[in-house]
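Please keep the structure in view while reading.

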Amino acid sequence: MIAALSLIILGCNPGQDTDSESHDHMQESDGTHTVTGKLSGFDCAVVGSLCPTTHRGADYTTGVYTEDGSFYFVVNIPQSFLRQHFLETVEVEGTVYDPYEKAVEPEAIHLVEDDDRRLVYEAGYFIDENNGRATFQEGTYRNGRWIAE
C-alpha cells in the first residue's frame, strides 16, 4: 500500500505528463484549479479503475478519480461528506498543492449531472439537499448524509 501511495503521489505513472496545465480534467483560473471527475476510492484508483457500486459503503479513502486515471485527494473535508456523493461527478474548485499536484483543498464543490451543476460545498460550508448551510462542526451526520440544522 505504501509503495502504491508513493507511485500515485510521485506521479510515476509511465507516460503521464505532470504539467498541470496539460491535464484536460484540471482547469486553472485566478490561482485556483478545477478538478473534474467521479468520487471514488483510492484503493481502486491504485489499480487504474473507478470503484464499483458495491464499494459505496466501504471505508476507503474517497477522492476525485479523473477520466485520465488520475486520483486527487480532497483535503480538509470529512470523508463521510465525500462518501455521501460516491460515484457522482464533481467539479472541485480550489488550491492544488505542489509539488505533486494530487491533493486539492476545495473552495467550492459542485455535483454535475448532464448540464446541471448543484453547489454542495462553498468556503467552509456544506449545502444539504434542502439548501441548508452549515459548517461540519455545526451540522449533523445522520443516515449517511450531512444535514444543516
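One aromatic cluster is formed by Phe81, Tyr121, Phe126, Phe136, Tyr141 and Trp146. The model is predicted, so local features need pLDDT of at least 70 and side-chain atom pairs count only at pLDDT 80 or more, whereas totals for chains, interfaces and linings use all residues. Residues are numbered from 1 along each chain as its sequence is written, and side-chain values use heavy atoms, with hydrogens and water left out.

The structure holds eleven aromatic pairs. Rings of Phe, Tyr and Trp (its six-membered ring) pair if their centres lie within 6.5 Å; planes under 30 degrees apart count as stacked, over 60 as edge-to-face and the rest as tilted. The pair of Phe81 and Phe126 is tilted, because the ring centres are 6.4 Å apart and the planes stand at 50 degrees. Phe81 belongs to helix α3 (residues 79–83) and Phe126 to strand β8 (residues 125–127), so this pair ties together parts that are 45 residues apart in sequence. Helices (H or I, at least four residues) and strands (E, at least two) are DSSP runs, numbered from the N terminus. Phe81 is buried at 2% relative accessibility, and Phe126 is buried at 1%; buried means under 20% relative accessible area, exposed over 50% and partly exposed in between (1.4 Å probe, protein chains only).

Tyr121 and Phe136 form a stacked pair, with 6.2 Å centre to centre and 15 degrees between the planes. This pair links strand β7 (residues 116–122), which holds Tyr121, to the loop between β9 (133–134) and β10 (140–142), which holds Phe136. Tyr121 is buried, with a relative accessible area of 7%, and Phe136 is buried at 14%.

A nonpolar core is a set of buried Ala, Val, Leu, Ile, Met, Phe, Trp, Tyr and Cys residues joined through side-chain atoms within 4.5 Å. The largest such core has 21 residues, and Phe81, Phe126 and Phe136 are among those with the most contacts inside it. At least two residues of this core come from each of β2 (32–41), β4 (71–74), α3, β5 (89–96), β6 (103–113) and β7. Another core, of six residues, lies apart from it and includes Phe42, Tyr65, Phe73 and Ala103.

Elsewhere, His55 is found in the loop between α2 (42–46) and β3 (62–65). His55 is buried, with a relative accessible area of 18%. Leaving aside neighbours within four places in sequence, His55 is in contact (heavy atoms within 4.5 Å) with Cys44, Tyr60 and Phe86.
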